[in-house]
Amino acid sequence: MGLLSIAIWLPVAFGTLLLAVGRDENAGTVRFLALLGALASFLVTIPVITGFDGSTAAMQFAEKLPWIERFNVNYALGVDGLSMWFVPLTAFITLIVVIAGWAVITERVAQYMGAFLILSGLMVGVFCALDGMLFYVFFEATLIPMYIIIGVWGGPRRVYAAFKFFLYTLLGSLLMLIALVYLYFKSGGSFDILTWHKLPLPLNAQTLLFFAFFAAFSVKVPMWPVHTWLPDAHVEAPTGGSVVLAAIMLKLGAYGFIRFSLPIAPDAAHEYANFMIVLSLTAVLYIGLVALVQQDMKKLVAYSSIAHMGFVTLGFFIFNDLGMAGAIVQMISHGFVSGAMFLCIGVLYDRVHSREIAAYGGVANTMPIFSAFAVLFAMANCGLPGTAGFVGEWMVILGAVKHNFWIALLASTTLVFGAAYTLWMVKRVYFGDVANDHVKHLSDINAREFLMLALLAAAVLWMGLYPRPFTDAMNVSVAELLKHVAISKLAS
């Protein structure tokens with residue numbers, strides 16, 4: 001078993017163990033096992049970072065075993081510069097979620113922790129899969145634990161939100177399955193994704209494939225106008241569910257575009273680039289305005305996520321190195337920042353049991369340490385230089401300037417809108433006089449909450465002040481992808 005297999009199956013094994021033996025009467029043991037599993041799962045991903053060679057675009061840590069030999073389906077894994085950072089990011093966020101739910105979850109603790117550990121392994125599998133059918137299995141399997149997390153531990157409308165999340169994402173994926181089967185026959189009976197990248201397909205076939213993949217990945221991102229499931233899912237999900245949903249699951253769709261849509265259907269990607277840019281700018285502009293009027297903190301951050309992910313798809317379809325690398329950096333930084341924002345909302349909700357902005361005011365007076373963390377993450381969400389939120393957005397804007405000045409101008413308005421809705425929320429929640437009695441009696445964060453927020457703060461500042469390790473790892477792979485897409489365009 002190779003390193004990537006361990007990164008996938010170790011959290012799944014721990015999660016399954018918790019489901020098998022966990023009971024609420026021995027919740028302490030369950031929490032310890034969950035923490036051990038999450039920590040071990042993160043530690044095994046560190047060699048993926050330290051052992052990664054950024055000078056090549058080839059797949060690294062590759063594994064390949066026959067799986068369903070009759071149909072030439074293989075258990076094939078590998079990572080390159082496009083996917084490498086998402087493996088440790090997934091394990092890191094899962095560790096944070098386990099710490100966050102330590103004292104908050106008191107019922108069905110084993111099932112809660114087990115669902116997150118299993119989900120972590122499945123999401124790592126999506127980023128590592130090099131076989132089309134294996135990718136599809138992992139991609140679809142991630143729906144099950146998240147559906148359960150929202151449906152069991154969510155809010156009053158949790159069943160509605162869970163069904164909406166499940167049906168939206170499943171429906172689009174069925175068209176992707178048809179595309180995978182078509183590519184299987186077109187390639188002479190192979191599900192190898194890298195083989196599919198080399199298929200000489202006519203434009204009409206590429207167009208159909210592009211929109212089949214678009215149906216699956218745009219919902220997952222989610223892009224406007226198929227974004228409506230996300231605010232409901234975030235509002236009803238428990239804090240840990242919102243963190244994983246925003247930090248990792250949205251990235252599965254964005255990753256699909258650079259692993260499938262662009263390299264397999266490059267001519268169609270060029271043909272419909274303007275269509276994708278318009279949808280991305282709509283998300284940036286319209287959703288930014290929608291976020292401005294939200295009264296629920298979770299809904300505001302959920303809409304903020306849609307706007308930030310609009311930057312990601314914009315970066316992909318302006319076809320230059322700054323835009324593409326910036327989009328991938330934005331995916332990673334959004335994982336840290338959005339996860340931290342939802343955790344801060346969870347800390348307040350655990351104390352006051354309200355997500356309404358109007359229920360707070362002057363929190364900094366009674367929770368100064370927590371408020372310092374919360375304002376840092378809010379500044380990162382605005383794209384403040386020196387934080388993770390700035391790097392990716394700035395690279396995408398620079399890439400957009402190279403592509404078209406007016407597109408860059410429209411895209412840069414997200415910095416204005418982002419600052420407007422984030423600072424408006426910060427002002428009303430954290431600053432000013434203490435607004436009511438329950439804020440007056442709030443207690444500051446404990447050691448466990450300090451630990452999870454400090455870890456995320458360190459990540460946000462590290463990426464903001466020294467992004468080079470992130471960009472160096474992906475530069476060669478980004479250049480190779482753009483070269484492949486450009487050559488195909490010239491050949492056609």
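This is a predicted model: local features need pLDDT of at least 70, side-chain atom pairs count only at pLDDT 80 or more; totals for chains, interfaces and linings use all residues.

Me: With which residue does the side chain of Arg351 meet in a salt bridge?

Reply: Side chains of opposite charge can pair when their charged atoms come close. Here the partner of Arg351 is Glu449, at 2.9 Å from N to O, and the pair links distant parts of the chain, since Arg351 lies in helix α16 and Glu449 in helix α22, 98 residues apart. Glu449 is buried, with a relative accessible area of 3%, and also forms a salt bridge with Arg448, where the closest N and O atoms are 3.9 Å apart. Through shared partners, Arg351, Arg448 and Glu449 are joined into one network.

Me: How many salt bridges does a search of the whole structure find?

Reply: The search finds six, one of which pairs Asp296 with Arg355 at 3.4 Å, N to O. Asp296 sits in the loop between α14 and α15 and Arg355 in the loop between α16 and α17, so the pair ties together parts that are 59 residues apart in sequence.

Me: How much space lies in the largest pocket, and which helix gives the largest share of its lining?

Reply: Rolling a probe the size of a water molecule over the atoms shows where empty space is left. The largest pocket holds about 570 Å³, and of its 32 lining residues, Val104, Ile105, Trp153, Pro238 and Tyr349 are the closest to its centre. Helix α16 supplies the largest share of the lining, seven residues.

Technical notes:
Residues are numbered from 1 along each chain as its sequence is written. Side-chain values use heavy atoms; hydrogens and water are left out. On a 1 Å grid over the protein atoms alone, a cavity is a set of points where a 1.4 Å probe fits but cannot get out, and a pocket is an open set with protein on both sides within 12 Å along at least five of seven lines; lining residues have an atom within 4 Å of a point. Grid points are joined across faces, edges and corners, and a volume is the space filled by probe spheres set on the points. Helices (H or I, at least four residues) and strands (E, at least two) are DSSP runs, numbered from the N terminus. A salt bridge is a side-chain nitrogen of Lys or Arg within 4 Å of a carboxyl oxygen of Asp or Glu. Buried means under 20% relative accessible area, exposed over 50%, partly exposed in between (1.4 Å probe, protein chains only).
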